[in-house]
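Visitor: Could you walk me through this model, feature by feature? I would like to know how each term is defined as we go.

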Amino acid sequence: NEAGLEPPVSRSTAAFLREQAVVPGGSMRHASWFPPHPPYAARGEGCWIVDIDGRRILDCANNFFSLVHGHAFPPIVEALTAAIGRGTAFGLPTEGEIALAEALAARNPNLAQTRFCNSGTEALLGAVKGARGATGRHRIAKFEGCYHGSYDHMEVSLESTPENWDDAEGNPASVPYAKGTPPAVLADTVVLPYADADRCAAILRKHGPTLAAIVLDPHASKAGMVAMPAEVVAVVQDACARDGILLIVDEVVNFRLGFGGISPAFGLRPDFVTLGKIIGGGLPVGAVSGPASAMAVFDHAKGKPKVALGGTFSANPLTMAAGLASLTHYDAAAVARLNALGDALRAKVNAGFAAAGVAARLGGMGSLFRLHLGARQVVDYRSARPLPAEAAALPRIHAAMLAAGVLLTPNCSGALSTPMTEAEIALIADRFVQSTLATEA
Ligand code: PMP
């Protein structure tokens, strides 16, 4: 053709070439993009995606772990079909937003009140502003390497490297992620180590009185999908109590791990919980929840709120309807079943690795999993960060899995969905062991 390109080998390749002309890089999904290009999706059926070339792919990427019921889950389709005929947004409140907020409150009394927005990023931004409004302080602390959306302060130290990750005192440095990050963002964001309670305590003793909030995810994906140690949780809770810092627990991903979210299992007592993903039933969503005392900062009914949190499509009726159907069908029994399937997957894969003598481990918790190559113990962002040879192997394993019909995220993590059964778990486990072995060879 005119551009001198080979004829497209597939419809996905043709789509990619076409998209690149009008979308820089092709695809909005920067975090899930991989070379030469991902397959283009045509439709989804339960835990399967059918791409535009007609290939069926078992979906463990799960739209960034948001589709806890997989694709086109009938109760969600029914709820959306009923809602859409009534109109999509009004600029007025609807009873749908009450029902979804009530459903959250019924799962965990600490989620007594909620304000909805349209993404997890927006939820974090709102919670941070809420903490600032309540305390009158502007600095925040977050943990090294942990992802909390693409709000500037939340991106600090997201991808720090051995060359820049320590400051002069040997504490985690405030490293910019995006070029052009304002210096004030770095100065206002204190970085904490995920697995070092003593160092955390020392940093918080120094900065605590200046902090509006500490933001944490106790099972952070980029920290390896390992549990934050109880000693670190205790240090954080103590600092919050001592210095009047508000605690923001980011449950955008991990809310799916427990009926009332993940905080109860860690003994965390958040002032704000940020939510997203599964609470929108597959539609764009974010939320800030918390006890009424903390949420009062957003209360506009009594005059100007200290902090305004709202937007054109916040709490739109479609998201509210889909979210309610999603939560209704993700009851305590469904949560337990999906988490047990995750345990079974880890057991199968790790037994397969052990039998084959492969130094790799499938980690994670409940319905979320992540592959770690190498034999070292993963406790935080630094130890989870793949060594150069591992960083080269992961994309090959990802590609081998896709070739074998299983979609993971590019770093070989994934999420299960309720349409899955033991048959899918056996298939994923088998492909995982085979793909990892083939890549080692
Ligand atoms: N927090 C965490 C822990 C996340 O993983 C994500 C997204 N993957 C976000 C926040 C941001 O959510 P969103 O992509 O909806 O902005």
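Guide: Let us begin with domains, whose bounds come from an automatic or database domain assignment. Here the assignment gives domain 1 (11-72 + 331-440) and domain 2 (74-328). This is a predicted model: local features need pLDDT of at least 70, side-chain atom pairs count only at pLDDT 80 or more, and totals for chains, interfaces and linings use all residues. Residues are numbered from 1 along each chain as its sequence is written.

Visitor: How far apart do the C-alpha centres of domain 1 and domain 2 lie?

Guide: They are 25 Å apart. The contact between the domains takes 24 residues from domain 1 and 24 residues from domain 2, where two residues are in contact if their C-beta atoms, placed from the backbone, lie within 7 Å.

Visitor: Which elements supply the side of domain 1 that touches domain 2?

Guide: Elements are DSSP runs numbered from the N terminus: helices (H or I, at least four residues) and strands (E, at least two). Helix H12 (332-356), strand S11 (360-365), strand S12 (368-373) and helix H13 (381-384) each give at least two residues to that side. By class, the side has 12 nonpolar, 10 polar and 2 charged residues. Ala, Val, Leu, Ile, Met, Phe, Trp, Tyr, Cys and Pro count as nonpolar, Asp, Glu, Lys and Arg as charged, and the others, Gly among them, as polar.

Visitor: How do S11 and S12 run, and how many bridges join them?

Guide: Strands pair if DSSP finds at least two bridges between them. S11 and S12 run antiparallel, joined by 6 bridges, and Gly364 stands opposite Phe369 in S12. The two strands form a hairpin with 2 residues between them, and Gly366 in the turn has a positive phi of about 50 degrees.

Visitor: And how many residues of S11 are buried?

Guide: A residue is buried if 20 or more other C-beta atoms lie within 10 Å of its own, exposed if 12 or fewer, and partly exposed in between, with C-beta atoms placed from the backbone. In S11, 5 of the 6 residues are buried.

Visitor: In what order do the strands of the open sheet come?

Guide: The order of its 4 strands is S1-S2-S3-S13, with mixed pairing. S1 and strand S13 (406-407) are the edges, each pairing on one side only. Strand S2 (residues 48-51) pairs with strand S3 (residues 56-59) in the antiparallel sense over 3 bridges, and Ile49 has Ile57 in S3 as its bridge partner.

Visitor: Why does Ala42 count as partly exposed?

Guide: Because Ala42 has 14 C-beta neighbours inside 10 Å. Ala42 lies in strand S1 (residues 41-45) and, not counting residues up to four places away in sequence, touches Val50, Asp51 and Ile52.

Visitor: What span does helix H5 reach?

Guide: The expected span of a helix is 1.5 Å times one less than its number of residues. H5 (residues 120-135) has 16 residues and reaches 22 Å from its first C-alpha to its last, close to the 22 Å expected. Of those residues, 12 are buried, including Leu124, Leu125 and Val128. The buried residues pack against several strands, among them S4 (113-117) and S5 (139-143). Just after H5, Gly136 takes a positive phi of about 75 degrees.

Visitor: Which residues come nearest to the ligand?

Guide: A residue is near a molecule if its C-beta atom, placed from the backbone, lies within 6 Å of it. Of the 14 residues around the ligand, Ser119, Gly120, Thr121, Gly149 and Val252 come nearest. H5 provides the largest share of this shell, 3 residues. The shell divides into 5 nonpolar, 7 polar and 2 charged residues.
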